[in-house]
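Good morning, colleagues. Please turn to the structure on the screen, and I shall take you through a few of its features.

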Amino acid sequence: MDLSGANLQLDSFEELAIPLFDQLYNFAHWLTQNRDDAEDLVQETYVKALKGFSSFQLGTNFRAWIYRILRNTFLTSRKGLKVTMTVPLDFDEEEVLEPAIEHATPETLLLARLNHESLQSAIDELPVHFREILLLCEVEEMSYQEISDTLAVPIGTVMSRLSRARRTLRNQLRPHLQQEAGLRIARETNHGL
Amino acid sequence: MVCESWKERLDTYLDGELPQEEMGALDAHVRTCPSCSVDVLSRVQLKRAIHLAGKRFTPSAEFRNRIQRGIASKPRRTVLHGWMLAAAAAVVLVVGTLTSNYLGNRSGRDQVFSEIADLHVATLASSSPVDVISTDRHTVKPWFQGRIPFAFNLPELQNSEFSLLGGRMTYLEQTPGAHLIYNVGKHHISVFVFQERSLPARLSDNSDKQEKLSFNMETWSQGGLRYFVIGDASVADIDKLAKLFKGTS
C-alpha cells in the first residue's frame with residue numbers, strides 16, 4: 001500500500017474540504033432544520049467524502065462534488081426520505097410565465113424594509129427542492145452548471161426550478177409585505193394626526 | 001406585450017447566465033423600460049436579501065473542533081508550509097513517544113503531556129489553526145466568553161518578541177479550554193488554559209518543564225487554572241512566554 005499517496009490525498013482533501021465547513025454546515029442546517037441533524041449530516045458527508053476521495057478527480061469541481069454527497073446523504077436519511085415523499089410529481093414541469101411583480105413600486109419599497117426573520121421563515125417554509133436550489137444559487141452563488149452538477153439535473157431544469165422557487169417565495173412573502181405595508185400606512189397616518 | 005419576452009429572462013440575466021450578446025440587448029432594454037427596470041430592482045433586492053438571510057447558521061466551536069481534528073489528526077508527509085513540516089516531524093516524534101509510553105508504565109501525567117503535544121501538532125497541521133484570528137488580545141479574550149466556563153488574562157506583548165496569531169477552543173479529555181497560538185521568530189508556540197479541577201490527571205502543583213518530543217513544554221497552575229506552553233522554540237522563549245502569562249494575574 002502506498003502510504004505516501006494516501007497521505008498526499010489526505011492533505012489535498014483537508015485543503016479542499018475544511019474551507020467549505022461553514023458553508024456546508026449552513027446548507028445542512030437549512031435542509032435538516034435542526035442543529036443535531038445538521039451536525040450528523042455534515043459529519044457523515046465528511047466521512048463519505050474522505051472515503052470516496054480517491055474517486056474525485058483533482059482539478060474538477062470539488063465544491064459541487066461534496067455538496068452532492070451532502071445532498072444525497074440527506075435525501076437517503078429518514079428525514080430526507082420523508083421530505084421527498086411529499087414533493088408533487090409535477091414540480092419541475094414547465095411553468096406558465098407569471099409576472100413576478102403585480103404592484104411593482106410598492107413591492108420594491110417594501111422589499112427594502114423586509115426583515116431577516118420574515119424572509120428566513122419564508123425560506124424555511126419552501127419545499128426542500130426549492131429551498132436547496134435557492135440557497136445554492138443565492139447564498140453559495142453557484143453557477144447554473146455547478147447547481148446542475150450538484151443536483152444531478154439538466155441546466156434547463158435548474159432554470160425552471162429556480163424560477164418556480166423564486167415565485168413561490170414571493171407568494172409566501174406577500175402576506176408579510178402586506179402586513180408591513182399596513183403598519184407603514186398606520187404609522188404615517190398617526191404621524192399626520 | 002413586448003416586455004414579456006424580456007421578463008422571462010430577467011432572472012437568468014441577473015444570475016449572470018445569459019449569453020453575452022443577450023446580456024447587452026437586455027441591458028439596453030432595461031435602461032429604456034420603466035416597467036422592466038422596476039422589476040429588475042425588485043429582483044435584485046430579493047436576491048440580496050436572500051443572500052444575507054441565507055447565511056443563518058454557524059457551527060458550534062465544539063463541532064468545528066471535532067471535524068477538524070477528525071481530518072487533521074492523522075500523520076502526514078506532504079505539507080505546504082515550512083512550519084507545517086516541523087509540525088509533521090513532531091507528529092512522528094509524538095507517535096514514537098506514545099508508543100514507548102504504552103510499552104512502559106505510562107503515568108497519567110505523561111498522558112496529559114502527550115495529549116497536549118498532540119493538540120499542538122494537530123492544530124498547526126490544520127489548514128485553519130485558529131477560529132479567532134487577531135493579534136489583539138482585547139479581541140481574542142472576549143471571543144472565549146460563553147465558549148469556555150472560565151476567564152483568563154492574556155499578557156501585553158508590546159516590546160516583546162512574541163506576537164499573537166489568534167485562538168480556538170480545544171478539549172483535553174472532554175474538558176473545554178482555550179488554545180492560543182503565538183509566533184516567535186519562525187516558531188509557533190501554543191498556550192493551553194484549562195480549569196485545574198476539571199482535568200482528569202493530577203499534575204504537579206509546581207511549575208514543571210519538559211524537554212522531550214523535540215519541543216519544549218512548561219506547565220504550571222495559577223488561580224485555579226492549568227497553563228501549558230508548548231512549542232519547538234527554545235527553552236528560553238518558552239520560559240519567557242510562560243513568565244508573561246504568570247505576570248497577568
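Thr219(B) has a relative accessibility of 1%, and because buried means under 20%, this residue counts as buried. Within chain B, Thr219(B) belongs to strand S6, which covers residues 215-222. What does its side chain contact? The side chain of Thr219(B) forms a polar contact of 3.0 Å with the side chain of Arg226(B). The side chain of Thr219(B) also reaches the backbone oxygen of Tyr227(B), at 2.7 Å.

Let me turn to confidence. In chain B, strand S7 (residues 225-231) has the highest confidence, at 92, whereas helix H6 (residues 82-103) has the lowest, at a mean of 44. The pLDDT is below 50 over residues 73-83 of chain B, a stretch with 26 contacts in the model beyond near neighbours in sequence. It is likewise below 50 over residues 91-106 of chain B, where the corresponding number of contacts is 18. Where pLDDT is low, the predicted coordinates should not be read in detail. For chain B, the mean pLDDT is 78, and 75% of the residues reach 70 or more. The model has an ipTM of 0.81 and a pTM of 0.55.

Finally, chain A. The second largest pocket holds about 220 Å³ of space. Which helix gives the most to its lining? That is H3(A), with four residues. Helices H3 (35-51), H4 (62-75) and H5 (78-85) of chain A each supply at least two lining residues. By type, the lining comprises six charged, three polar and two nonpolar residues; among them are Asp37(A), Glu44(A), Arg78(A) and Lys82(A).

Key. Residues numbered from 1 in each chain as written. Chains lettered and ligands numbered in written order. Predicted model: local features only at pLDDT ≥ 70, side-chain atom pairs only at ≥ 80, totals over all residues. Heavy atoms only, no water. 1 Å grid on protein atoms, 1.4 Å probe; cavity = no way out; pocket = protein on both sides within 12 Å on 5 of 7 lines; lining within 4 Å. Points joined across faces, edges and corners; volume = space filled by probe spheres on them. Nonpolar A, V, L, I, M, F, W, Y, C, P; charged D, E, K, R; others polar. Buried < 20%, exposed > 50% of the residue type's maximum accessible area, 1.4 Å probe, protein only. Polar contact = N/O pair within 3.5 Å; in protein donor to acceptor, adjacent residues only side chain to side chain. pLDDT = per-residue confidence, 0-100. Contact = heavy atoms within 4.5 Å.
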